[in-house]
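User: I am new to this structure. Please guide me through its cavity and its sheets.

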Amino acid sequence: MKALTYTRAHPLNAFAMELVEVGEPQLRADDVLVEIRAIAVNPGEAFIRSVRSAEPGGQAILGWEFAGVVVRTGTSAKGFTVGDRVMGTGDITRDGCWAQQLAVDHRVVAKIPDQLSFADAASLPIGVLTSWEAMFRDQGGLPPGVERVLIVGGAGGVGSLATQLLKARTSAFVINTASRPQSRDWCHTMGADMVVDHTADVCEQLAQAGIHQVDMVLSTAGTVTNLAWIGAVLRPFGHLSTIDLGAPLDLAPLIQKSVSLHTEMVFSRMSGSADPSSQGRILQTIGEYVVSGQVRPIVTTRLHGLTVQNMKTAHELLESHRAIGKVVIET
């Protein structure tokens with residue numbers, strides 16, 4: 001089969017992916033083998049490309065958000081048959097979906113409703129699972145007492161779906177941050193009750209609207225640099241959930257208010273040897289929400305064909321830090 005691969009980590013201006021022939025994925029007992037029809041490209045994958053090289057003598061195949069068709073099932077895979085249309089994520093320690101086929105644990109996969117295209121389905125899994133686990137943790141809803149949620153980066157893939165999830169499952173007042181007119185319009189389309197500009201004084205903008213504290217902040221970008229105003233706007237015993245921690249963090253703004261800090265990494269169940277079945281169930285729920293009109297797919301850029309140029313274009317969009325919604329490549 002063909003796959004987009006590279007050997008050494010590299011910056012965007014030295015983009016070094018190649019479309020080459022590789023061996024068919026090895027199916028494990030819990031796996032389904034999926035013929036890939038669409039892939040979504042994420043900022044985290046662009047980051048991995050820039051810092052993680054392949055194992056010596058090997059090739060790296062990235063990509064952990066896809067839609068496709070089941071072509072084979074492992075001996076322990078349940079609930080799926082050949083021909084099922086599915087969407088899912090994967091396992092960051094295994095080869096990804098930037099290829100013609102993917103072997104993936106069936107527990108992080110869900111069937112796609114008939115009303116949903118492959119491209120639209122591919123735009124959902126990572127953002128849905130990340131935002132669900134970041135805000136709801138391993139429960140089905142927000143912590144008690146959380147009525148106002150501020151999402152930093154409301155126009156991105158995670159922010160777009162976090163807003164929609166909150167509107168579908170809770171009565172929370174949802175605030176997004178966005179700085180450009182296009183981003184602000186998108187946030188309102190996703191269902192945000194209020195949008196503030198994170199390049200200006202967020203606390204002042206909220207105060208002008210009569211809001212002096214929020215119960216939860218979901219930070220999808222810039223957490224370290226924004227921590228002072230995040231701490232200022234959170235109420236005592238509030239919650240900060242973040243998906244982008246990597247640099248050292250000064251916790252003083254949070255300690256002063258006894259804030260609970262939550263981190264989220266969508267592959268933590270798989271890498272932590274925990275049962276990931278809840279992720280498959282969450283994706284099934286999202287499919288139902290899409291059919292009922294409570295959640296909409298977030299594709300904003302569609303590229304056609306698994307090619308080096310299309311993948312480079314996707315990475316250029318992501319690394320511009322101006323992308324709205326999700327970039328999807330239909331294969």
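User: What volume does the largest cavity have?

Analyst: This is a predicted model, in which local features need pLDDT of at least 70 and side-chain atom pairs count only at pLDDT 80 or more, while totals for chains, interfaces and linings use all residues. Residues are numbered from 1 along each chain as its sequence is written, and side-chain values use heavy atoms, without hydrogens or water. A cavity is a set of points, on a 1 Å grid over the protein atoms alone, where a 1.4 Å probe fits but cannot get out; points are joined across faces, edges and corners, and the volume is the space filled by probe spheres set on them. The largest cavity has a volume of about 50 Å³.

User: How many charged residues line the largest cavity?

Analyst: Lining residues have an atom within 4 Å of a point, and they include Trp64, Asp91, Arg94 and Asp105. Asp, Glu, Lys and Arg count as charged. Beside four nonpolar and three polar residues, the number of charged ones is four.

User: Which residue in S12 is the bridge partner of Leu218?

Analyst: Strand S11 (residues 214-219) and strand S12 (residues 234-242) run parallel, joined by five bridges. In S12, the partner of Leu218 is Ser241.

User: Which residue in S15 is the bridge partner of Arg302?

Analyst: Strand S14 (residues 299-304) pairs with strand S15 (residues 326-330) in the parallel sense over five bridges. In S15, Arg302 has as its bridge partner Val328.

Terms used. Two strands pair if DSSP finds at least two bridges between them. Helices (H or I, at least four residues) and strands (E, at least two) are DSSP runs, numbered from the N terminus. On a 1 Å grid over the protein atoms alone, a cavity is a set of points where a 1.4 Å probe fits but cannot get out, and a pocket is an open set with protein on both sides within 12 Å along at least five of seven lines; lining residues have an atom within 4 Å of a point.
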